[in-house]
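I am opening my notebook to a structure that is new to me. Come along while I look things up, one entry after another.

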Amino acid sequence: MTEKKRDAPISYRPPEILREEFRARVEKSGLSVNAFITQAIFATPPARQSRRPSVATQDLTRLLAEAAQLRQQLGTQPMEGPRQVQLHEEAVAALTDIRTLLMQALGRER
C-alpha cells in the first residue's frame with residue numbers, strides 16, 4: 001500500500017510590527033489566511049465564496065436587524081398628539097430608508 005504524502009506547508013510569519021495590521025486585513029477580507037495570502041501574491045479572485053462574512057458585512061447585518069426591530073416597534077405603538085405622530089412617522093420613514101440602503105449594501109433585493 002502506497003501512501004501519498006502531502007507537501008510540507010509553507011508558513012508565513014509577519015514581522016512583529018505588522019502582525020496586527022495583517023490580522024486586521026485578513027479579518028476584514030472575510031477570507032482564510034491561506035486564501036488571503038494566495039490572493040495577495042497571485043492577484044487572483046478567491047477560488048470560492050468565503051465561509052465567514054467580513055466584519056463590515058457582519059456590522060451591516062446587525063444594523064439591518066436592529067433597524068427592522070425598531071421599525072416594528074414604532075409601527076405597533078403610535079404616539080399621541082400631532083407633533084408626536086409626525087415625529088413617529090418621520091422615524092418610521094427614516095428606518096425604512098436605512099433598511100433599503102443596508103439591503104443594497106449587502107447586495108440583497110428585499
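This is a predicted model: local features need pLDDT of at least 70, side-chain atom pairs count only at pLDDT 80 or more; totals for chains, interfaces and linings use all residues.

**Entry 1: salt bridges**

I started with Glu-16, which forms a salt bridge with Arg-19; their closest N and O atoms are 2.7 Å apart.

How many salt bridges does the structure hold? I found three.

Next I looked up Arg-23 and Glu-20, whose side chains meet in a salt bridge at 3.4 Å, N to O. Both of these residues lie in helix α1, which covers residues 19–29. They are three residues apart there, about one turn of the helix. Glu-20 has 58% relative accessibility, so I wrote it down as exposed.

I also looked at Glu-21, which forms a salt bridge with Arg-25, with the closest N and O atoms 2.6 Å apart. Glu-21 and Arg-25 are separated by about one helical turn, because they sit four residues apart in helix α1. Is Glu-21 exposed or only partly exposed? I noted partly exposed, because its relative accessibility is 40% and exposed means over 50%.

**Entry 2: aromatic rings**

I searched the whole structure for aromatic pairs and came away with two. In one of them, Phe-22 and Phe-36, the ring centres are 5.9 Å apart and the planes stand at 75°, so I called the pair edge-to-face. Phe-22 belongs to helix α1 and Phe-36 to helix α2 (residues 33–42), so this pair ties together parts that are 14 residues apart in sequence.

Are Phe-22 and Phe-36 buried or exposed? Both turned out to be buried.

**Entry 3: the whole protein**

Stepping back, I counted four helices and zero strands. Reading along the sequence, I wrote the pattern as α-α-α-α.

I wanted to know what share of the protein is buried. Of its 110 residues, 14% are, and Phe-22 and Phe-36 are among the buried residues.

I looked up contacts too, taking those between residues at least 6 apart in sequence: 43% of them join residues at least 24 apart.

Methods: Residues are numbered from 1 along each chain as its sequence is written. Side-chain values use heavy atoms; hydrogens and water are left out. A salt bridge is a side-chain nitrogen of Lys or Arg within 4 Å of a carboxyl oxygen of Asp or Glu. Helices (H or I, at least four residues) and strands (E, at least two) are DSSP runs, numbered from the N terminus. Buried means under 20% relative accessible area, exposed over 50%, partly exposed in between (1.4 Å probe, protein chains only). Contact means heavy atoms within 4.5 Å. Rings of Phe, Tyr and Trp (its six-membered ring) pair if their centres lie within 6.5 Å; planes under 30 degrees apart count as stacked, over 60 as edge-to-face and the rest as tilted.
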